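Visitor: Could you take me through one part of this model in detail? I'd like to look closely at the ligand and what lies around it.

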Amino acid sequence: MKPRVRLLILNAALGPLDYSVPETLVVEPGSVVIAPLGPRKVQGIVWDEGRLPGADAPAAKLRPIVEVVPVPPLAQPLRRLIEWTADYYCAPLASVARMVLSSGGAIGGPSTTTEYRLSGGAPERMTAQRAAAIEALDSEQATIRELAEIAGVSEGVLRGLVNQGVIEPVTVAIDRPYPPADPDHHQPALSADQLRVAKTLVRAVEDGEYAPFLLDGVTGSGKTETYFEPIAQAIRLGRQVLVLLPEIALTENFLTRFEERFGAPPVLWHSSLKSTERRRAWRAISEGSAQVVVGARSALFLPYAKLGLIVVDEAHEISFKQDDGVRYNARDVSVMRARFEGMPVILASATPALESLHMATSGIYKKLDLPSRFGGAQLPDIKLVDLTVEKPGAGRWLAQPLVLGIEERLARGEQSLLFLNRRGYAPLTLCRTCGHRFKCPNCSAWLVEHRLSSRLACHHCGFEGPVPHECPECGEKDALVACGPGVERIADEVGELFPEARVAIATSDTLNSPDKAAEFLETVQNKAIDVIVGTQLVTKGFHFPELTLVGVVDADLGLEGGDLRAAERTYQQVAQVAGRAGRGSKPGEVLIQTRHTDAPVIAALANGDRDAFYAAETDARRDAGAPPFGRWASIILSSEDDREARLAANRLGDTRPRADDLYILGPAPAPMAMLRGRYRYRFLINARRTANLQETIRRWLDAHDFPPGVRVGVDVDPYSFV
Ligand code: ADP
Ligand code: ZN
């Protein structure tokens with residue numbers, strides 16, 4: 001009898017399937033294989049016997065596997081992680097497994113690519129353009145498209161030079177090795193605090209056992225320098241390291257510091273890698289030659305051959321939570337991965353999530369503290385600006401103390417940062433004559449005016465259109481007014497107040513690529529910018545020694561909407577952005593504009609009393625049965641047809657499970673009742689920690705057949721409540 005295997009097929013619509021293994025092939029659990037399915041071929045992973053549900057198909061019916069993909073089999077701890085993630089987040093196993101084998105190109109695809117470089121020859125006819133291109137391409141080697149960008153000419157010009165032999169093709173192996181990082185390249189002298197923490201972490205790497213750490217260090221304490229030491233030790237021991245960063249815009253700063261410390265860049269992993277880079281990285285990761293991988297949350301599921309340490313930097317960041325597909329939280333899954341693999345994991349933050357702190361006080365995570373800034377820099381002085389007293393003029397948003405603060409910095413040649421977590425010019429546009437408001441046609445959301453690009457845009461679905469000259473409702477010309485401020489409007493205000501000031505806007509619209517982020521960093525560092533106006537993008541990671549004033553334009557903004565984590569998020573954002581001030585030798589000042597000077601979170605910020613804030617927040621969460629004391633999950637049913645969605649939700653509601661340790665709210669129209677053209681109805685489940693939340697949800701949903709137009713999204717431990 002031929003051996004049989006059960007495959008996890010990488011298609012969420014298909015369950016596990018059984019196949020036979022021809023004598024010519026050797027497989028083991030974790031092998032990635034190609035198997036026939038009807039007339040097609042599908043990719044699958046050989047799974048451990050007895051761990052995937054399903055009846056055994058009769059041996060006579062089994063079709064043979066076609067091919068074993070030549071990549072290392074997924075190791076057992078990773079297979080357990082895939083199972084755990086699917087189970088915990090109520091997601092299909094196949095969807096989780098797809099995150100591991102993330103890109104078709106990584107596995108199949110060609111192993112070489114063609115790049116181009118100057119051959120040394122001269123063109124038949126030299127033109128000014130050609131001469132300039134040849135000069136610009138000196139010692140460059142890249143694809144034609146990339147070279148065209150470097151030289152600032154069209155691809156056609158370069159192809160002409162290729163035809164004349166001036167530029168020559170070179171075949172490069174995509175899977176060529178990365179330059180090695182040297183753990184002893186440049187080790188800085190650590191402060192006593194840093195040394196104490198680093199020693200503990202280095203020992204944990206040497207021990208090679210599961211050990212979760214919460215690295216709790218104030219902004220500017222040098223958390224990065226400190227966790228570089230256990231990274232160095234892992235490299236010395238020949239183990240791989242994964243560093244997760246919340247935002248790709250932050251990597252530039254990280255890369256520079258990494259290169260200074262280790263003499264070579266780390267391996268990058270994020271969604272905008274080219275397919276050749278993706279393949280190269282994936283292979284190096286799975287073979288173990290990629291020593292340190294720095295990436296966005298998706299890097300967590302890669303098949304590291306010999307992982308020895310995981311670092312989650314800015315671990316409190318909500319961008320670690322994925323909000324579509326498999327709705328996982330990379331911070332929490334990191335800890336699970338460390339547990340399955342048996343290794344330390346470091347969650348680093350100046351403003352840890354309440355959940356993480358709770359784990360530390362419960363003794364589950366070991367807490368390591370860096371209580372002061374490196375090099376004797378002082379934490380900034382924080383003051384409140386009461387907007388009910390200091391009222392900015394009509395159509396203005398900066399109160400007098402903040403204006404004076406900026407003026408002082410300009411006079412001293414120092415820099416200021418104004419923080420407002422709103423992209424664009426104004427969050428709402430309406431018609432003065434008839435009151436018409438510009439709404440997204442696909443979402444329950446206002447369109448945001450972006451004056452820099454003269455567009456009205458929806459921040460939820462990407463819809464955008466030109467700003468009209470007349471009201472589409474009443475036809476009145478030039479009657480549209482912008483309501484409320486966005487960063488562009490604040491930048492305008494600064495420009496009107498201080499025409500000589502050099503102002504830069506820093507948002508995901510303006511810093512939308514690593515190159516632009518790098519350019520921005522450089523201009524700020526070169527003091528070519530006086531005032532930065534930015535969203536949450538500038539709240540963390542950046543280190544600008546000349547920045548001595550931080551102004552929080554509207555600290556109350558995040559408190560609106562009343563979501564479970566509103567207070568915590570406000571605390572984190574304001575504390576993080578405040579942490580940008582006074583990081584060099586000059587002291588920093590922070591001015592927080594608010595209408596609620598006595599709100600607990602605002603008062604805690606003003607007094608620098610973090611413990612008071614966390615204590616109050618802990619009590620509030622305990623009373624509400626919210627995390628970490630209780631758990632939440634949401635189920636959203638959506639359809640392009642409102643009636644269909646509503647009926648499906650009502651039918652599901654009719655069979656709601658009843659239990660003592662959880663209760664279910666809904667169905668009700670979701671706060672965002674329409675999103676990307678789909679009508680949404682929501683259930684919210686609040687459970688005690690003792691409840692078997694996932695099992696309850698699975699049983700409840702499995703008993704239902706939903707119409708094909710209805711999508712069901714389950715979010716366990718949700719961050720978004722819209
Ligand atoms: P955090 O991430 O904790 O806010 P950083 O890691 O950004 O702090 O460190 C703040 C600044 O101090 C950085 O410019 C960093 O390079 C510097 N720094 C920290 N520790 C050291 C050290 N041991 N030697 C030299 N510079 C350090
Ligand atoms: Zn929209």
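Guide: Sorted by class, the shell around ligand 1 holds 5 nonpolar, 7 polar and 4 charged residues. Here Ala, Val, Leu, Ile, Met, Phe, Trp, Tyr, Cys and Pro count as nonpolar, Asp, Glu, Lys and Arg as charged, and the others, Gly among them, as polar. This is a predicted model, where local features need pLDDT of at least 70 and side-chain atom pairs pLDDT 80 or more, while totals for chains, interfaces and linings use all residues. Residues are numbered from 1 along each chain as its sequence is written, chains are lettered from A and ligands numbered from 1 in the order written, and side-chain values use heavy atoms, with hydrogens and water left out.

In total, 16 residues surround ligand 1 (a heavy atom within 4 Å), and the closest are Ala189, Gln194, Gly220, Lys223 and Arg257. Helix H8, residues 223-236, gives the largest share of this shell, 3 residues; helices here are DSSP runs (H or I, at least four residues), numbered from the N terminus.

Now for the polar contacts, pairs of N or O atoms within 3.5 Å. A nitrogen atom of ligand 1 lies 2.9 Å from a backbone N or O atom of Ala189.

How values were computed
Polar contact = N/O pair within 3.5 Å; in protein donor to acceptor, adjacent residues only side chain to side chain. Helix = DSSP H or I, 4+ residues; strand = E, 2+ residues; numbered from the N terminus.
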